[in-house]
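Student: I would like to go through this structure with you and ask, for each label, what it rests on.
Tutor: Then let us take the labels in turn and set each value against its definition.

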Amino acid sequence: MNYLVGAFKPPCNIFISFTDGRSRKQVPLKKENGKTVMVALFQSQENIVGEVVIEPIHGKKVEHNGVKIELLGQIELYFDRGNFYDFTSLVRELDVPGELYERKTYPFEFSTVEMPYESYNGVNVRLRYILKVTISRNYVSNIVEYQDFVVRNYTPPPSINNSIKMEVGIEDCLHIEFEYSKSKYHLKDVIIGKIYFLLVRIKLKNMELEIRRRESTGSGPNTYVETETLAKFELMDGAPVRGESIPIRLFLSPYELTPTYRNINNKFSVKYYLNLVLVDEEDRRYFKQQEITMYRNLEAS
Amino acid sequence: MLLIGAEDEEKWLAEGIAGIQHNAFYLHRALDSNNLRDALKYSAQMLSELRTSKLSPQKYYELYMRAFDELRILEMFFKDESKHGVSVVDLYELVQHAGNILPRLYLLCTVGSVYIKSKEAPAKELLQDLVEMCHGVQHPIRGLFLRSYLAQISRDKLLDIGSDYEGDAETVMDAVEFILENFTEMNKLWVRMQLEGPGRVREKREKERSALQELVGKNLHVLSQIEGVDLEIYKETVLPRVLEQVVNCKDDLSQYYLMDCIIQVFPDEYHLQTLEMLLAAFPQVQPTVDIKTVLSPLMDRLSKYAASSADVLTEFLQVEAFTKLSNAIEKVIEMQVDMPAVGAITLYVSLLTFTLRVHPDRLDYVDQVLGACVKKLSSIPKLEDRWATKQLVALLSAPLEKYNDTVTALTLSNYPRVMDHLDNGTNKVMAMVIIESIMKNNTCISTADKVEVLFELIKGLIKDLDGATDELDEEDFKDEQNSVAKLIHMLYNNEPEEMLKIICIVWKHTMAGGPKRLPFTVPSLVFSALRLVRQMQGQEGDIVGEEVPATPKKIFQLLSQMIEALSAVPSPELALRLYLQCAKAANGCDLEYVAYEFFTQVFVLYEEEIANSKAQVTAIHLIIGALQRMNVFNVENRDTLTHKTTGYSARLLKKPDQCRAVYACSHLFWVDGQDGIRDGERVLLCLKRALRIANAAQQMASIARDSSGPLTLFVEILNKYLYYFEKGNKQITAAAIQHLIELINTEMQSDSATSDAFLASTLRYIQFQKQRGGVMGAKFESIKL
């Protein structure tokens, strides 16, 4: 048994660590197995510096054709299982072919790495960054170790940020005017606004504001669109009368939002919408959806 | 919506309470372990129970109170940052993450109150934010309770802000603005309840709404408690805003309640100074609003306030409170065309009460009020409505009570015009009230004009009114007429001339009273006239010449008219007595022929009208008594009269009556006094005749085996004998007395009657006189017992 186990077990342990790992911010990342682990957070143009430690299992000798470390930015589309699109791939050779008898440490550095896209874990798509250490071997499979890390990119507040203001209605039935103070929000922002009832001839029961995420993947005929409602926020309880003005104040921080992603590497987009829903006493729903742009703001995060 | 059974409602309430308790349990655990996250979670869940639409306001209130208690605990927890480690600023954001609006806003209000207290942010902004955010709840009941919670939880802070803060006017205004805003919104929600749920019964809805009125009114109460709200702020901000809301909401229940609330919660001083503004709102409210029950307490309060001190009173004059109130009422009545008479009258009653208290010296005001009322009533000839009538009586009674002097009421030109609108029955009641007032205050009405007015007022009692067909209660009628009779005695003037006028006026009025009333009123009037006669008699010297209008002669003429009217009723016995009184008075005035005329009338009456034997007996005795006192007649006249009298006496039906009348007649011939007639012979004649009759009576009695009646007659005659004996009538001798005593004794024995007390004491008297000695003793000496 021991022999057998030994046969499948990699003959060495590989540890990947970042030089500033202790001080660097850690963020949670959901793995394929559903578990959440804390991983280091980077942004584009950062230097990714660290070391790889290879520690052969006691008494084992590891023969190899070379050791390398790769920094990969991958987009994984679930419906196209197994296919990764590497949009970034950087390689550093760590060792020339040889043998390893004992623990060995290899420093590595990727300087000012261009990482234009953010890590993203969606319904149909995943964008991730990994460090991949490969010990190439002859005849037997390579020994590979991965280390995930997360990339988030910050954008400055937009210089133009108009409010969203609109009058909508059903003729002779319901006329409302709503206003959201901005069209672009950072992730910890607050949506401020109001709904003004110009005409109410139907018996409303309540009104809520939904935050919806629309994730579209693929292109052309193979486009997959997935919409999730991330927040349902009740704005009003009961039936208003004409002239009533209902305030909106929705804090975004409790929700797991990402910035808006537009056409990431021609593979996917993630967009956000505010959906104003009015429900009448017969549970009919009247709604109006407006896109908002989400961005990541350095100060607020 | 279906009508909800009470049972189901109970069930839902129980479920709600259970839900609250369940979550409260976990909430407490979270609080104990200082777990803010869980505390927020469970409190939000707990508050979700308040999202129900199934409960009536009362039940919802129960549920609300449960949650409220828990929220107080949560508030304590929020206050203590050391427990949860989150700054109040962050907390304020954190609670807003809740997805459901109702729990969110309850929590926001709770944290908000802690936030204000912490003074980490300007109270003004926080309050504005809270009151603004609460807009999210548009459901009437839930919204009302939420805002009520906001009001309640912020109340002490507001009082602080409004009062503490070094009298900073800004902060006071902040608090005021907040409350006004919250009040306005609450009222809107409250009004909206009326429009909710078309299936529900209107009455039920109104009942439910009434149950919630205090939630709305509470805001006004808090406003009134803020020290910083001075007259200026009240006048410039509070009142206009509140009134605007009241007028604009166009809801009768709300208008009624809120107007009442304003009046009740704010000080009188404010009302006085803002009277115009306040009153201007009244004509603008819905026609269905019961203005009278709102306005009346206002006037009531104001009048009480006016009475509190003299300084205040001058303020009333300065602001012309009366004019304003009066105008306002006029306007209200004008606007509310459909207002029932009772409403209008009630308003006038209040105004009148106000006037009487505040301006007791302004009779013109009182008259003005009455005049306005007349104007309002001009379209209705007689009030049919019982309540309206009642109010009208109150209106008319008020001046009487106030002035303690009915004369004042008599000078009010509109007073009788108002009375005209009462139905006959009430008119009488009112007339009674007037009379009672006069009697109670012992008011003397001393001029003919006033008497005229007075009788005009009480004409309901004086004569049958047009169309009066109502069944009269005998007792009531008697009471009424007795009152009128009493009243007549209250009419008095020292000046004979004026007094005569008064009498004439009264007679003019009472004459119309008809046969039922005359017997009550005429005697009073007669005696009143006789009093005048006697008075004039006293001042005889002053009466000079024929020009003087008030001479006894004239009065006697009038008197005989009166009594004649009375005898025509017919009420002969009463007329007879009155004639006799008049005759006596004429005797006093030395008017022989007048007195004779009266006696003539007496005998005519006796002959023609008095047929009843008992009445005859009484009449005869009265005549004898009166005639005996007359000294004005010459011999001839007197003889005629005495002759008539004795004749009638002897012709009475029953023997004993005859006997008694006859011996009484003896007095006609023996008058004590200086120039009295002392015709001893005729006295004796009478007595002897009486004895004969007594004998006859005794014989008749013995045949019938009757009582000892006749014996009494003998004793009575004996007493007469003794009387004249003592008076010195020579015709009455001791022997005759002796004889009579013996006669009685024999009768006693034969009659075997038991000893007679009357006789015994008579004999004892003789004994006493005998033993007394002196002249009298000597006289009696010869009588042997």
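Student: What area is buried between chain B and chain A, and what part of it do carbon and sulfur atoms give?
Tutor: The area buried between chain B and chain A is about 1800 Å², and carbon and sulfur atoms give 46% of it; buried area here is the accessible area (1.4 Å probe) that two parts lose on being put together, summed over both. This is a predicted model, in which local features need pLDDT of at least 70 and side-chain atom pairs count only at pLDDT 80 or more, while totals for chains, interfaces and linings use all residues. Residues are numbered from 1 along each chain as its sequence is written, chains are lettered from A in the order in which they are written, and side-chain values use heavy atoms, with hydrogens and water left out.

Student: How many residues does each chain bring to the contact?
Tutor: Chain B brings 24 residues and chain A brings 20 residues, where contact means heavy atoms within 4.5 Å.

Student: What makes R192(B) and E244(A) a salt bridge?
Tutor: A salt bridge requires a side-chain nitrogen of Lys or Arg within 4 Å of a carboxyl oxygen of Asp or Glu. The closest N and O atoms of R192(B) and E244(A) are 2.9 Å apart, so the pair meets that rule. Across the interface of chain B and chain A, the rule finds four salt bridges.

Student: Why is C589(B) called buried?
Tutor: Buried means under 20% relative accessible area, exposed over 50%, and partly exposed in between (1.4 Å probe, protein chains only). C589(B) has 9% relative accessibility and therefore counts as buried, and C659(B), with a relative accessible area of 0%, is buried as well.

Student: What is the relative accessible area of E208(A), and where does this residue lie?
Tutor: E208(A) has a relative accessible area of 11% and is therefore buried. The residue lies in strand β17 (residues 204-217) of chain A, strands being DSSP runs (E, at least two residues) numbered from the N terminus. Not counting residues up to four places away in sequence, E208(A) touches several residues, among them K232(A), E234(A) and R285(A).

Notes: Helices (H or I, at least four residues) and strands (E, at least two) are DSSP runs, numbered from the N terminus.
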